[in-house]
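Dear colleague,

I am handing over the structure we spoke about, and it is shown just below. After it you will find my notes on what I found, arranged by topic for someone who has not seen it before.

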Amino acid sequence: MRDIEITEPVEITLNGELVTAQNGELLIDACERNGSYIPRFCYHSRLTPVGMCRMCLVEVDTGRGPALQPSCMIPVSDGMGVDTESDGVAKAQDGVLEFLLANHPLDCPVCDKGGECPLQDQAYAYGPGESRFVEEKRHNEKPIPISELVLLDRERCILCDRCTRFADEVAGDPLIHFIHRGSHTEVNTFPGEPFASYFSGNTVQICPVGALTASPYRFKARPWDLEETESTCTRCSVGCRVVVESSRNKVLRLQGVDSDPVNWSWLCDKGRFGFQAGNSGNRLSRPLQRCESGELSEVGWNTALDSAASVISAAIAGRGPQSVAVLGGARLTNESAYSWAKLAKDVIGTDNVDCQLGDGLPAELVLGLPGASIDEVCEPGATVLYLGPDAKEELPILYLRLRHAADFDGVKIVEVGPTLTGLSPYAAESVTAVPGETPSVLAALLDGTSEHVEASALLRNASDLKVVIGRANLAEDEAITVQTADLIRESVPGATFLPALRRANVRGALEAGLAPGFLPGGATLAGTLPTGWQSMPAERGGGAAEILEDAANGRVDVLILLGSDPLRDFPDRSLARRALAGAKTVISIDPFVNASAEQADLVLAASMFSESAGTTTSLEGRVTALNQLVTPPGTARDDWMIAVDLADRLGADLGVETSADDLAEEMAGFSDAHVVLGDGAPVGDGVMLDISGRDLLTSAEVEVPPANAYSLRLVLNRTMYDKGTLLEESESSAGLAGESVVKLSAADAAPLGVDGSTQVKVTSEHGSVTVAATIDSRVPKGVAVMHHALGDVDAGTLLVHGDPVCDVRVEVS
Amino acid sequence: MARLTPDNLLLARKIIARFPEPRSATIMLCHLAQEQDGYLSPEAMEQVAELIGATSAEVLGTASFYEMFKMHPVGKYCVNVCTNISCQLLGGEELLEHAEEVMGIRSGSTTADGMFTLEDVECVAACTEAPAVQVNYRYFNRVSPDDFDELLEDLRSGELSRTIPSHGTLGNVRQDLHGDRVANITSPSQQVEPAWFPNGDSDEGPAK
């Protein structure tokens, strides 16, 4: 049950007592709020009620005496009389349970749900205890896989319609359905068409019996053996709240928490099952150092930290602090991010620090734009301008919230981007703009000269425009996004922005100062010295691209990769390669030996999700808790501990007395945005930072070369499952990444002779790749789409950082 | 089996165009596919789903509710013998046994020549004419074992081919309504008068 604000109170008689309820709310909720819990199976507060299971029957006074009514289908009205505990209700509950159990196999001892099963619990609490049915129960093959991750045992199913309603209403993937309705009704998929939804794991969580189970948790533990803690999912930046459950120091399961401002209890499968990476056998448990033979071999922490400190000191003494660069930090907690910002900018004194890898939004935008929360964007009646990446692929729960807002709350989404996306079917208007042309298309929409009259009218008539802004195309220069934001600010002064950031704690890392030119709390280098700091960098440093450029040209002595993997993640792949080869010393701080760490001189083993405590900041600026439940493998440790130890060896004290909380407290002491953190660790839905924006905005003018009739504009974007380290190390998602393809519109494919799976050669000014071509109706004419980090084909070799757009030629090879 | 033939695909699109919501055409398109193939094949359900913008699972969910959509190939003639109470009392079960014997198959299966599928069914609403048999849903009343043998003979010889088309066929005559008559309904949001009021000029009478 969700807490609601009672705006229209009515009085009803509940079991003989007068109580207050909200007019029109469902009786089942009103009774529960007033202390009378009604048993239920099919009712779920986030799904449309259907009255399928009949377990919630109560006696409602109809004026002609009490009548049994399903309380999940009855809206409360003034003067209603309800009895939830009468003999009639008890008999009805007995009867319903006897029927529900008529075919249920009662295999609780071998069922994963046993111990946390609503059917089991309610059969004990409300059931008759014995059954009069002597007939043979129905038999089905048990269990059948309905997707890669989810298994279905139809014998246990009580046909509550929760999973099928979820698939249809919430996820929008109605791939499971009741079939053979009648006395043989069962939930199933269409033969050969699995329940391949990004959200399939939620059906397991809401199943009120053990019919749906997920392979990562099957037969792993009993509910009463689990230890649990609340935390926040860190697989993307939406910040879904979760309960992490472990047994014997091993995380076994994640469940979504019904957080009203964020995830409504839903999780995407990547978030739900991604914890498996932490249990991977490839986890780094000790530091590695490159020995004389050229191999990485295990060393103790003292040796590793000593040699890290000595190369850093040597670099500072040699070419000065700016020859040390720190790349990454979005994986870190807020506290760790702050400790690293302080280590880099105060102790070492370099400003060559960037927590993003050229694939995000500039710090000036994230910290400067007036913010909008997820709830504000999804507010009933709002108009949303969506300029981000495909939310279904990158920010799945934001996609669910937007989808719900469009379907149920009348939110009008106007989507402007290089291709149609997963959100397009729910958008009021989708306008495609060829890469590089977003600012001009948008300008026309906003000044009313666009041919897309309806989209234009929606945007122009919006009283309170909400903008979701992000990078829909990694092959397009980020300056074009800056230009777009600039344009919106100028044309629609009251617009507020939700940055569609991808990595978990980008916002927190930026707020902590892990960006060139910034100090914690969004202060710039021109500002005052933060409390507890001795110094700050003398000159402004460069962002990820400049750092890599410097490294490639031999100007970086120590390149610290703070949980980042530029070889796999920086869009301009050849620059990343040259940079790692050109940096004198590379230090990687990571839980895994990723592609970049393989080339490092020193790899420090870091802890991961649920192994360290702290806070994280979501894309909307919400700070929530990350709690520790298990210990990291071997001697792997938290990122802030590494920072403190390094600072110590460099002759400085980061000011940590006991725990990472000291870091949060220090930051709260001088940063206005972080004042909220001063009151101790955030609980529940967390606290919002001040997101009203700061006077930081810059403008950009980008010259986009005119499109050439012989070439297509490249769109490089991401899919949910790719070959990223954490996905590959996660047992259940390792095989889910698709093959590399280039997607073309039918109009562009026809003259090339591409008909489905033709191998083509994609050539840009800077390189070429051979890849299969497919026709995709979501791709507009003049555009070629490739996905980041899929398969062996490296689309990143086609582009060069700093080019406004990337033009490619596609030829059948 | 196959997807819809080009002619049937054209007809399918015409049918869809008659409804404000493409999904409303689900059942009609399933009939069309069953008429073409004699049963509703997985490929056909996939195609229906594509045409109406649903998932195959939704089409299967709807179609599988209806006993008269066959999800597996059936014979040219679907012979249903009623074994419900009235027919049972007047020899329905014995008739079914007889049918199994003469056809050489158990109820629920199809003869090797693909001619007949035998089924025992619940009440077909012909209690006054018990025991009742249906062939492709055409009634045969008060059927004795001898009548049944004769019926099979007539079906085999083609004697009854005019009155009983092969399984799945909806009718011998297909009416073609004019394309601009969109099933006489508008979407609920646009409705200004009850749906049962005829469109346009009331002198024209009911839909032609």
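Please bear in mind that this is a predicted model. To begin with the overall layout, the centres of domain 1 of chain A and domain 3 of chain A, taken over C-alpha atoms, are separated by 42 Å. Domain 1 covers 9-100 and domain 3 covers 368-499, while the division of chain A also includes domain 2, made of 288-360 + 505-681, and domain 4, which spans 712-812.

Chain B has 208 residues, of which 31% count as buried, and its secondary structure amounts to seven helices and four strands. Read from the N terminus, the elements of chain B follow the order α-α-α-α-β-α-α-β-β-β-α. If one takes the contacts in chain B between residues at least 6 apart in sequence, 61% of them join residues at least 24 apart.

Strand β12 (residues 241-247) of chain A pairs with β13(A) in the antiparallel sense, over six bridges, and V242(A) has G256(A), in β13(A), as its bridge partner. Two residues lie between the strands of this hairpin, and R248(A) there takes a positive phi near 50 degrees. Strand β13 of chain A, residues 250-256, is mostly covered, since five of its seven residues are buried.

Some backbone features are worth checking, given that most residues other than glycine have a negative phi, and most peptide bonds are trans. H180(A), in the loop between β8 (176-179) and β9 (186-189) of chain A, has a positive phi near 50 degrees. S265(A), which is not a glycine either, has a positive phi of about 80 degrees, and its place is in the loop between β13 and α6 (269-273) of chain A.

Are these two residues buried or exposed? H180(A) counts as partly exposed because it has 15 C-beta neighbours inside 10 Å, whereas S265(A) counts as buried because it has 22 such neighbours inside 10 Å; the cut-off for a buried residue is 20 or more.

Finally, there are cis peptide bonds to note. One joins K142(A) and P143(A), with omega about -25 degrees, and P143(A) lies in the loop between α3 (118-126) and β6 (144-145) of chain A. In chain B, a cis peptide bond joins A130(B) and P131(B), with omega about -10 degrees, and P131(B) sits in the loop between β2 (116-121) and β3 (133-135) of that chain.

With best wishes

Methods:
Residues numbered from 1 in each chain as written. Chains lettered and ligands numbered in written order. Predicted model: local features only at pLDDT ≥ 70, side-chain atom pairs only at ≥ 80, totals over all residues. Buried ≥ 20, exposed ≤ 12 C-beta atoms within 10 Å, placed from the backbone. Pairing = 2+ DSSP bridges. Domains from an automatic or database assignment. Contact = placed C-beta atoms within 7 Å.
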